[in-house]
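Take a look at the model below. This report walks through a few of its features, one topic at a time.

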Amino acid sequence: MNLIIRLLITAIVAFLLTKILPGVHFDGFSTAIIFAIVLGLLNLVVKPILSLFGLPLTIITLGFFALVINAIIILIADYFIDSMAVDGFWWAFIFSIALSIVTSLANSMFSDGD
């Protein structure tokens with residue numbers, strides 16, 4: 001149940017962010033749900049691999065490269081989802097930072113304290 005709530009929170013936040021950020025586009029809320037699922041799968045499978053290979057750069061940049069990895073994950077999700085469009089790396093970068101911050105705040109508000 002916790003996974004479904006987190007996916008819904010991510011979908012809602014992502015959908016609302018597309019209304020604020022002009023460089024990220026979803027065709028509808030169903031695209032946001034698909035995006036949340038694809039993002040979860042990419043974070044589960046691809047992100048650890050990218051983080052491992054990017055570890056030296058992450059250490060050198062004092063963690064900044066982890067933000068770049070998040071933007072790359074957003075761009076990969078854009079590649080797999082036809083009804084989603086990101087207008088470039090910088091929009092993916094801004095979207096990933098905003099999505100991380102707002103999703104973290106929303107998850108902390110709706111967490112049950114476990």
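## A first residue

Where is the place of threonine 18? Threonine 18 sits in helix 1. Helices are DSSP runs of H or I with at least four residues, numbered from the N terminus. Threonine 18 has a relative accessible area of 12%, so it is buried. Buried means under 20% relative accessible area, exposed means over 50%, and partly exposed lies in between (1.4 Å probe, protein chains only). Leaving out residues up to four places away in sequence, threonine 18 touches Val24, Phe26 and Phe95. Here contact means heavy atoms within 4.5 Å.

## About the model

This is a predicted model: local features need pLDDT of at least 70, side-chain atom pairs count only at pLDDT 80 or more, and totals for chains, interfaces and linings use all residues. Residues are numbered from 1 along each chain as its sequence is written, and side-chain values use heavy atoms, with hydrogens and water left out.

## Aromatic rings

How many aromatic pairs does a search of the whole structure find? The search finds eight. Rings of Phe, Tyr and Trp (its six-membered ring) pair if their centres lie within 6.5 Å; planes under 30 degrees apart count as stacked, over 60 as edge-to-face and the rest as tilted. One of the pairs is phenylalanine 64 with phenylalanine 93. Their ring centres are 5.8 Å apart and their planes are at 55°, so this pair is tilted. The pair links distant parts of the chain. Phenylalanine 64 is in helix 4 (residues 64-80), phenylalanine 93 is in helix 5 (residues 89-110), and 29 residues separate them.

Why does phenylalanine 93 count as buried? Its relative accessibility is 10%. Phenylalanine 64 is partly exposed, at 44%. Phenylalanine 93 also pairs with tryptophan 90. Here the centres are 5.6 Å apart and the planes are at 75°, so the pair is edge-to-face. These two residues are three apart in helix 5, so about one helical turn separates them. Tryptophan 90 is exposed, with a relative accessible area of 59%. Ring pairs join Phe64, Phe89, Trp90 and Phe93 into a cluster.

Most residues other than glycine have a negative phi. Leucine 62 has a positive phi, near 60°. Leucine 62 lies in the loop between helix 3 (55-60) and helix 4. At 80% relative accessibility, leucine 62 is exposed.

## The largest pocket

The largest pocket has a volume of about 330 Å³. On a 1 Å grid over the protein atoms alone, a pocket is an open set of points with protein on both sides within 12 Å along at least five of seven lines. Points are joined across faces, edges and corners, and the volume is the space filled by probe spheres set on them.

The lining of this pocket has 17 residues, each with an atom within 4 Å of a point. Thr10, Leu39, Asn43, Leu99 and Thr103 lie nearest the pocket's centre. Which helix gives the most to the lining? Helix 5 does, with six residues.

## Regions from the record

UniProt, in an unreviewed entry, places the feature "transmembrane region" at residues 32-50, 57-77 and 89-110. Such annotations may be inferred rather than shown by experiment, and the positions use the numbering given here, with feature names shortened. Residues 89-110 are 100% helix, with end C-alpha atoms 31 Å apart.

Definitions and conventions
1 Å grid on protein atoms, 1.4 Å probe; cavity = no way out; pocket = protein on both sides within 12 Å on 5 of 7 lines; lining within 4 Å.
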